[in-house]
Amino acid sequence: MLEFQNLRHRYTPQVEVRFPDLRLAHGDHLLVLGASGSGKSTLLALIAGLLSPTSGHVRVEGTDVGSLRASARDAWRGATLGFVPQRLHLSPSLSVRRNLELPFVCAGEHVDGPRIATVMDHLGIGALAHRRPHELSVGQAHRVALARALLREPRLILADEPTASLDDEAATDALGLLRQAATETGATLVVATHDRRVTDWLPGAHVLRLAAAPAP
Ligand SMILES: Nc1ncnc2c1ncn2[C@@H]1O[C@H](COP(=O)(O)OP(=O)(O)OP(=O)(O)O)[C@@H](O)[C@H]1O
């Protein structure tokens with residue numbers, strides 16, 4: 001389902017990030033562990049097609065993501081990926097409900113109201129539809145970001161530091177929801193983190209350890 005081969009990304013002549021080869025089956029869970037600067041965010045950006053490899057390949061369901069043209073990449077990303085970013089990027093001026101309409105609007109699709117209602121109820125945020133992001137707790141905002149990632153039933157879910165700045169209870173909750181959502185839909189789940197707590201909360205996951213970045 002997800003495969004890396006000889007994967008590298010060069011930011012500058014001095015900074016090149018290299019990744020171990022990997023092969024994941026559909027529905028597998030992967031934990032990407034590594035210290036700050038080891039390349040976790042770079043790897044997620046390469047999988048999502050937001051960066052292109054300088055060498056090697058990322059293949060998702062056989063598609064070589066780096067070889068897609070920009071517009072095809074956007075369409076592929078919208079149809080395949082759910083992304084839970086480290087900074088949640090909820091639009092502050094829009095209600096929760098309007099924030100959740102955005103993935104459909106951006107994809108040029110009609111807004112699927114019943115699907116939004118179902119996902120909101122499932123994640124326990126059905127009563128928050130009219131709130132603005134600043135009126136949410138951190139844990140509630142995480143649930144909204146997760147709802148946004150799940151709306152279009154992605155086959156691959158990427159989460160970047162989903163437990164950063166969360167206390168134990170909220171972090172267990174966030175991880176549990178991610179795992180449950182992936183398991184229920186059969187999606188492949190990739191979680192990048194430097195949070196050691198996560199290893200206990202994602203049992204059975206494959207682990208990819210990234211080496212610390214070499215000193216410049
Ligand atoms: N735009 C950039 N230009 C130059 N170097 C960059 C750029 N973005 C990242 N890097 C470098 O690439 C390496 C990997 O960075 P990356 O952000 O992927 O690490 P990370 O493991 O996600 O770190 P963190 O846990 O701190 O978010 C680091 O050495 C970083 O300094």
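Which of the 14 residues around the ligand come nearest? Tyr11, Ser36, Lys40, Ser41 and Thr42 do, where near means a C-beta atom, placed from the backbone, within 6 Å of the molecule. The model is a predicted one, in which local features need pLDDT of at least 70, side-chain atom pairs count only at pLDDT 80 or more, and totals for chains, interfaces and linings use all residues. Residues are numbered from 1 along each chain as its sequence is written.

Helix α1 (residues 40-47) supplies three residues, the largest share of the shell around the ligand; helices are DSSP runs (H or I, at least four residues), as are strands (E, at least two), numbered from the N terminus. Six of the eight residues of α1 are buried, so the helix is largely enclosed by the rest of the structure. Buried denotes 20 or more other C-beta atoms within 10 Å of a residue's own. The buried residues are Lys40, Thr42, Leu43, Leu44, Leu46 and Ile47, and their cover includes β1 (2-10), β5 (55-60) and β9 (188-193). Just after α1, Gly49 has a positive phi of about 75°.

| Helix pair | Angle | Axis separation |
|---|---|---|
| α3 (residues 96-106) and α5 (residues 138-150) | about 30° | 8 Å |

The two helices are therefore roughly parallel to each other, a term for angles under 35 degrees. The contact (C-beta atoms within 7 Å) is made by Val96, Asn99, Leu100 and Pro103 of α3 and by Val144, Ala147 and Arg148 of α5.

Methods: Axes are lines fitted to C-alpha atoms, for helices over the stretch in contact, and angles run from 0 to 180 degrees between N-to-C directions. Angles under 35 degrees count as roughly parallel, over 145 as roughly antiparallel, 65 to 115 as roughly perpendicular and the rest as oblique. Two residues are in contact if their C-beta atoms, placed from the backbone, lie within 7 Å. A residue is buried if 20 or more other C-beta atoms lie within 10 Å of its own, exposed if 12 or fewer, and partly exposed in between; C-beta atoms are placed from the backbone.
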